[in-house]
Amino acid sequence: MPSARAPHVDVHPPKVELFDVQALTNTDPKGIVRAVDAYRLTDFGLYMARPVPGHPQLAYFRSWLLPELGLRVSRWTGHEPLDHDYYIDVVDIQPGDVWRTKDLYLDILVRTGHDQRVLDGDELVAGVLAGHLDQGAAIRALERTNAAVDGIARHGYHPDAWLAATGYPIEWSQDPFGCDRPQ
């Protein structure tokens, strides 16, 4: 029987990110500590808003960490228009004094009212085959992705409407660059 081989992708361990609410910092997957403009803690998640200094395409982003759903729902502002309104990371989330996310490779891009697409299935497979994710994590990633894609589609490709209908009434602070797209 032939052995399983990873697809031809750069296999990396799952990215880990830290959110220190008290210090108002966010440590990105490369270990760079960034200042956060705002954190908001709710009974269902954590909201964060911060600039993205030095990034060639992104200027600002806002994210909701939703532990029960295993999702990080983000809206980014770019220096130029982006091809999506929402970027949803499928993650494991550990709340605490310092929140921690572990990326499970899969992502969902949503164009509000139009469509969505799932990214990085090849990375998920490669990560499992390389031993970076166990079977349980891969199953969680697929289940979370399927639930989100189904819910978002049933709500006309409006992630906020889907989340509100399932008990997660997220709210976004104003984009300081004034680039929010109408929904």
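**The core and its rings**

Leu-66, Leu-71, Val-73 and Leu-163 touch the most other members of the largest nonpolar core, which has 29 residues. A nonpolar core here is a set of buried Ala, Val, Leu, Ile, Met, Phe, Trp, Tyr and Cys residues joined through side-chain atoms within 4.5 Å. Buried means under 20% relative accessible area, exposed over 50% and partly exposed in between, with a 1.4 Å probe and protein chains only.

Before going on: this is a predicted model, so local features need pLDDT of at least 70 and side-chain atom pairs count only at pLDDT 80 or more, while totals for chains, interfaces and linings use all residues. Residues are numbered from 1 along each chain as its sequence is written, and side-chain values use heavy atoms, with hydrogens and water left out.

Now zoom in on Leu-163. Leaving aside residues up to four places away in sequence, Leu-163 touches Leu-66, Leu-69, Val-73, Tyr-168, Pro-169 and Ile-170, where contact means heavy atoms within 4.5 Å. Another core, of 13 residues, lies apart from the largest one, and Tyr-39, Leu-46, Val-52 and Leu-82 are among its members.

On to the rings. Phe, Tyr and Trp rings (the six-membered one for Trp) pair if their centres lie within 6.5 Å; planes under 30 degrees apart are stacked, over 60 edge-to-face, and the rest tilted. That rule gives six aromatic pairs. Tyr-47 and Trp-172 have ring centres 6.0 Å apart and planes at 70°, so they are edge-to-face. Because Tyr-47 sits in strand S5 and Trp-172 in the segment after H3, this pair ties together parts 125 residues apart in sequence. Tyr-47 counts as buried at 1% relative accessibility, and Trp-172 is buried too, with a relative accessible area of 17%.

Trp-172 also pairs with Tyr-86: the centres are 6.1 Å apart and the planes at 65°, so this is edge-to-face. Tyr-86 belongs to strand S8, so its pair with Trp-172, in the segment after H3, joins parts 86 residues apart in sequence. Tyr-86 is buried, at 0% relative accessibility. Ring pairs link Phe-44, Tyr-47, Trp-64, Tyr-86, Tyr-168 and Trp-172 into a cluster.

Note on methods
Helix = DSSP H or I, 4+ residues; strand = E, 2+ residues; numbered from the N terminus.
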